[in-house]
Amino acid sequence: MRSCEMQICRHLNYVRSLSPGKAVFYYQTPESDFVPIQVETNRIRAAKSGFTEAYDKNQNLKNVAPQDLAYSNPQCIDACYVPPNISEIHCRFSLRVEANSLQPDSCEDQKVRRYLIQLASIYAQVGGYQELAKRYCKNILMGTWLWRNNHTLGTRIDVITSSGRCYAIDDARYLDWIDWPEEEQVMLNDLASEMAAALCEPKQFWFADIKATLKTGFCQELHPSQKFTDSHEQGESSKQYATVECPNGIQAACFHAEKVGAALHLIDDWWDEVADKRLRTHEYGADRDYLIARRHPMKKQDFYSLLTLTAVFIRQLRNVRDKGGEIPPQVHYLMAVLCKAGMFQRGKS
């Protein structure tokens, strides 16, 4: 092993720095400020259209009669729609931000712990957390966390922080990742400064309440999180949506906190100099659209390969602090993974 490389220890883990809650769908009426949007169960007669209905795994035609492919395929699925005559709905979640990337939650090797603490400390000194916070806040203000539900007639984003500040984007549909109008850019920078302070100051207890107001079409379909089910009982939906129980016992459609977090961590465009898309922060740069690892270990740009170069990155950041210059993109990525957190040990083998 080269002298500049740090050995990954057997026990190393971090606690996540961003902790979103569930994002709940609801609407308002003159009588109530919170009416949960419910999931309904539909039994439908779907058509038989799958590949295996007519072909085997070798793409050879099965012995099926023409009538066999015309029979219906009864299914039971969950569905979610905007109630009739409701033209505006809300989706709301809370976010807690903590300075958990400043040091490992557990680490058996004191040298490794010391290196990682130094890396985070000098990264904070040169303003690295401001860049991460700006990217997280872009995803908040752009409504990235709404996923398929951001295709609307208008999407307003409101953010209220624990410092008492309020931020509002009138229509997030017109924002993109690169170019922001001047007024929205100022808002983004201010919100990012609040979050950056929480990411690098352990005693800065920072929360945000984020709400999207969606202008919808008549009985428009909504897309909450889908539950992962290995199997289902007879009569249960084969596709089930996530819900959260309200105090009155009604089940409200929602996003899992993990799905909200996945959207906030959609910031990795450091994986290539000419990257044409952002990836969710991941140790191997998993690209689910193309089913490929953009940071395959062969390229030495995966998290674990870069983690061994912590001492090198500390020296580079010192040069940035003392002489100026840009923070290397590999360092931004490394710190983004530590903010995401996880168990990074090499194990017993």
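1. Let me start with W147, which at 30% relative accessibility counts as partly exposed (between the buried class, under 20% relative accessible area, and the exposed class, over 50%, with a 1.4 Å probe and protein chains only). W147 sits in the loop between α2 (128-141) and β9 (154-161); helices here are DSSP runs of H or I with at least four residues, strands are runs of E with at least two, and both are numbered from the N terminus. Its phi is positive, about 50°, although W147 is not a glycine.

2. A word on conventions before you go further. This is a predicted model, in which local features need pLDDT of at least 70 and side-chain atom pairs count only at pLDDT 80 or more, while totals for chains, interfaces and linings use all residues. Residues are numbered from 1 along each chain as its sequence is written, and side-chain values use heavy atoms, with hydrogens and water left out.

3. C219 belongs to the loop between β11 (206-215) and β12 (243-245), and it counts as partly exposed because its relative accessibility is 27%.

4. Now the overall picture. The chain has seven helices and 18 strands, and its C-alpha atoms fill a box of roughly 75 × 60 × 35 Å along the principal axes. Of the 349 residues in the chain, 44% are buried. Contacts (heavy atoms within 4.5 Å) with a separation of 6 or more come to 72% from residues 24 or more positions apart.

5. What does the largest nonpolar core contain? It has 87 residues, and those with the most contacts inside it are Y129, L132, W145 and M195. A nonpolar core is a set of buried Ala, Val, Leu, Ile, Met, Phe, Trp, Tyr and Cys residues joined through side-chain atoms within 4.5 Å. In soluble globular proteins, nonpolar side chains tend to be buried together. Leaving out residues up to four places away in sequence, M195 touches L95, V97, A133, Y136, C137, I140 and W206.

6. A23 and F255 are 232 residues apart along the chain, yet their C-alpha atoms are separated by 5.0 Å. Beyond four places in sequence, the contacts of A23 include C91, W145, C254 and F255.

7. How many disulfides does a search of the whole structure find? The search finds zero, a disulfide being a pair of cysteine sulfur atoms within 2.5 Å. For C91 the nearest cysteine sulfur, that of C254, is 8.7 Å away, and C91 is buried, with a relative accessible area of 0%. C339 is also in no disulfide, with the sulfur of C200 nearest at 9.9 Å; at 0% relative accessibility, C339 counts as buried.

8. S17 is in the loop between β1 (12-14) and β2 (18-20).

9. Last, a pair for contrast. Y167, in strand β10 (residues 166-169), counts as buried at 3% relative accessibility, and among the residues it touches beyond four places in sequence are I157, V159, M187 and L191. H296 lies in the loop between β17 (292-293) and α5 (303-307) and counts as partly exposed at 37%. Leaving aside neighbours within four places in sequence, H296 is in contact with Y284 and Q301.
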